[in-house]
Amino acid sequence: MTLSLGLPAVRRAPESAPPTDGRPDAPELVDRFGRVARDLRISITERCSLRCTYCMPEQGLPSIARENLLTPAEIARLVAIAVRDLGVHDIRFTGGEPLMRADLETIVELSSAVAGDASISMTTNGIGLDKRIDDLVAAGLTRINISLDTVDRDHFARLTRRDRLPAVFAGIEAAKRAGITPLKINAVLMRDTLAGAADLLEWSLNNGAQLRFIEQMPLDADEAWARDNMVSAAELLEVLGSRFELVLAGREDPAAPAEEWLVNGWVQNDRPATVGIIASVTRSFCEACDRTRITAEGTVRSCLFGDDETDLRALLRDGSDDAAIADRWRAAQWGKQAGHGIQRPDFVRPVRSMGAIGG
Ligand code: SAM
Ligand code: SF4
């Protein structure tokens, strides 16, 4: 069965819960490979103020009808179930661009009220953050990752198809002023970004931001990604090594996607400075993946690369109780695939692109 909500069709799990043969009677979101999901990514929109070439098509994604988007109350109910019944520790709002939702403050406020000790964070391109940061922090947002691939304005305009670098800088400044520490910056590695990678690291070190580079994954709507042409973590290390002395420090915890490197001679926030590298393709960390995802229309997507999605929105709207929703979510997670399989010759790209899933 396919699901088409204005976005590319994806396979939808049957209305009844997916099979759970052999699943242990555990409250958590366990899968067949022994992994437990503690980190929940919730996409809240497909809309965006940028058109990054590694993510969105030039014209943007087809819009989702308003009635098909989860409401703030529905999102908060899923957060409550995730934290209370399923053992989730970290909640992150993403998209598309979360700041495109006018009710983001309400989403954060209702969610943080039921999130207990779980962290509430957001991944954003930072555009418009300066005007909303105080309300978002007051609503309960504690951590922010801002995406920034280059500090060169012309290059930024080409990469994102929008001349908005000053607006991103304003967002970063505002987050710092609001006391968001450490402020994290995500940068996707592209062939033409590589030359500016050391400048971006130097800028981050000088601006109190913790930088992480991410290998580009085949999740661009334009389908231009090619394994032969993608920039690997090894290539990046060579480029950074010409300006900085880097020493491998390892992962913050085993499920952390980034390997951290100490930048010798630099101090940041009174600690030795580091740069992170997420080698999603060349050094996949799927075996330690602890993520579960909800799309903007309320389907569980247990893997970025798994098009099988399980609809929770129907349960949220048909009077089902929290226990039924938790069970359906556990069943969906049990079916999570082993890994992305990008290196396999029979690899097939997922139907949805990154902006339509929620990165
Ligand atoms: N709009 C927000 C932003 O850009 O931060 C949130 C959504 S965006 C899809 C989430 C993250 O996914 C960003 O850090 C972005 O750089 C990353 N991303 C997008 N497409 C990617 C790709 N093809 N490979 C790796 N990371 C990607
Ligand atoms: Fe928008 Fe984020 Fe995708 Fe860039 S990466 S197009 S900012 S959703």
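These notebook entries record what I looked up in a predicted model.

**Entry 1: the sheet**

I began with the strand order. The model has an open sheet of 12 strands with mixed pairing, and I noted the order as S11-S12-S13-S10-S9-S8-S7-S6-S5-S14-S15-S16. Strand S11 (246–250) and strand S16 (310–311) stand at the edges; each has a single partner strand, so one side of each is left without a neighbour in the sheet. I reminded myself that strands of a sheet pair through backbone hydrogen bonds, either parallel or antiparallel.

**Entry 2**

As one example of a bridge, I recorded Asn 145, whose partner in S9 is Lys 184.

**Entry 3: from S11 to S13**

S11 and strand S12 (residues 259–268) run antiparallel and are joined by four bridges. Here Gly 250 stands opposite Glu 260 in S12. S12 and strand S13 (residues 271–278) also run antiparallel, joined by six bridges. I noted that Trp 261 has Val 275 in S13 as its bridge partner.

Which residue takes a positive phi in the hairpin of S12 and S13? I found that it is Asn 269, with a phi near 50°, in a hairpin that has two residues between the strands. Asn 269 lies in the loop between S12 and S13, and its phi is positive although it is not a glycine. I also looked up the peptide bond that joins Thr 181 and Pro 182, which is cis with an omega of about -10°. Pro 182 is found in the loop between helix H5 (165–177) and S9. For both entries I kept a general rule in mind: most residues other than glycine have a negative phi, and most peptide bonds are trans.

**Entry 4: helices H2 and H3**

I turned to the helices. Two packed helices are described by the angle between their axes and the distance between the axes. For helix H2 (residues 104–114) and helix H3 (residues 129–139), the axes come within 8 Å and cross at roughly 15°. Angles under 35 degrees count as roughly parallel, which means that H2 is roughly parallel to H3. Their crossing is right-handed. On the H2 side of the contact I listed Leu 104, Glu 105, Val 108, Glu 109 and Ser 112; these meet Arg 132, Asp 135, Leu 136 and Ala 139 in H3. By class, the residues of this contact divide into four nonpolar, one polar and four charged.

**Entry 5: helices H1 and H9**

How do the axes of helix H1 (residues 72–86) and helix H9 (residues 322–334) cross? They come within 10 Å and cross at roughly 75°. H1 and H9 are therefore roughly perpendicular to each other. Among the residues of H1 in this contact are Arg 77, Leu 78, Ile 81 and Asp 85, and those of H9 include Asp 322, Ile 325, Trp 329 and Arg 330. I recorded seven nonpolar, no polar and five charged residues in the contact of H1 with H9.

**Entry 6: ligand 2**

Lastly, I looked up the residues around ligand 2. They are Cys 48, Leu 50, Cys 52, Tyr 54, Cys 55, Met 56, Gly 96 and Asn 125. This shell divides into six nonpolar, two polar and no charged residues.

Key
Residues numbered from 1 in each chain as written. Chains lettered and ligands numbered in written order. Predicted model: local features only at pLDDT ≥ 70, side-chain atom pairs only at ≥ 80, totals over all residues. Heavy atoms only, no water. Near = heavy atom within 4 Å. Nonpolar A, V, L, I, M, F, W, Y, C, P; charged D, E, K, R; others polar. Pairing = 2+ DSSP bridges. Axes fitted to C-alpha atoms, helices over the stretch in contact; angles between N-to-C directions. Parallel < 35°, antiparallel > 145°, perpendicular 65-115°, else oblique. Left-handed = near helix turned anticlockwise from the far one by under 90°. Contact = heavy atoms within 4.5 Å.
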